[in-house]
Amino acid sequence: METSSIPSQLSINRLSTGLNVKNSRLVFPKNVKLQKQFSKSRLFCTSSCLSSGSESSKGEKQYVGRGDGVIIVDHGSRREESNLMLNEFVKMFKDKTGYFIVEPAHMELAEPSIRDAFNLCVQKGVTRVIVSPFFLFPGRHWHRDIPSLAAEAAKDHPGVSYIVTAPLGLHELLVDVVNSRIIDCLQHAAGDADECAVCAGTDKCRFYTE
């Protein structure tokens, strides 16, 4: 199964963004069978994926610190508008998390590349790079392509460690995101709302008949 990248700018008007990662359950439908070499815990990278951390002012362990750089990687597109949306998501992500260094990267077809983003993180003084694939499922890109590109980028920076974290996968919060998108488009099709930021100007939120 091919890995799927998701649209980068999410408009979640009716969702609470006060996310408590520890309490978020990972849901696997009964008909989903995992490959033998992958357990549920390995498909989903929780806070334990990074072995070292620091204490916050509240005594909570922080797994992303000043010495870490986060790279959000999407597939990349020939459409400049799509690539620019990743920049918007990275800004949202950085503002929400408070992480010091967060950079966008495209796996292919556009710049900045994973190597570009990796180099930029190192230039800013990081000692660890966290490569986070902005993809839905663990297909070929997650298993092979992104790890290969990250490894090539790391060769230029001996002593800098890196990790490729899990894609979004089967997380119950995605149900709310997908449903929010459906409702947004149906509201616009009914004339009850403007187009969302993704569909704006495309005139795609309408019903078709043949």
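Of the contacts in the protein with a separation of 6 or more, 70% join residues 24 or more positions apart; a contact means heavy atoms within 4.5 Å. The model is predicted: local features need pLDDT of at least 70, side-chain atom pairs count only at pLDDT 80 or more, and totals for chains, interfaces and linings use all residues. Residues are numbered from 1 along each chain as its sequence is written, and side-chain values use heavy atoms, with hydrogens and water left out.

The protein has five helices and six strands. These are DSSP runs numbered from the N terminus (helices: H or I, at least four residues; strands: E, at least two). Their order from the N terminus is α-β-β-β-α-β-α-β-α-β-α. Of the 210 residues, 32% are buried. Buried means under 20% relative accessible area, exposed over 50%, and partly exposed in between (1.4 Å probe, protein chains only).

The structure holds 10 salt bridges, each a side-chain nitrogen of Lys or Arg within 4 Å of a carboxyl oxygen of Asp or Glu. One of them pairs Arg128 with Asp68, at 2.7 Å between the closest N and O atoms. Arg128 lies in strand S5 (residues 128–133) and Asp68 in strand S3 (residues 68–74), so the pair ties together parts 60 residues apart in sequence. Arg128 is buried at 16% relative accessible area. Asp68 is buried at 6%.

Arg115 and Asp156 form another salt bridge, with closest N and O atoms 2.4 Å apart. Arg115 sits in helix H3 (residues 114–123) and Asp156 in the loop between H4 and strand S6 (161–164), 41 residues apart. Arg115 is partly exposed at 34%, and Asp156 is partly exposed at 45%.

Helix H4 covers residues 140–154. Its 15 residues should span 21 Å at 1.5 Å a residue, and the end C-alpha atoms are 20 Å apart, which agrees. The expected span is 1.5 Å times one less than the number of residues. Buried residues in H4 include His141, Trp142 and Asp145. Arg140, Arg144 and Asp145 are linked in a salt-bridge network.

Phe207 lies in the segment after helix H5 (172–189). Phe207 is exposed, with a relative accessible area of 69%.
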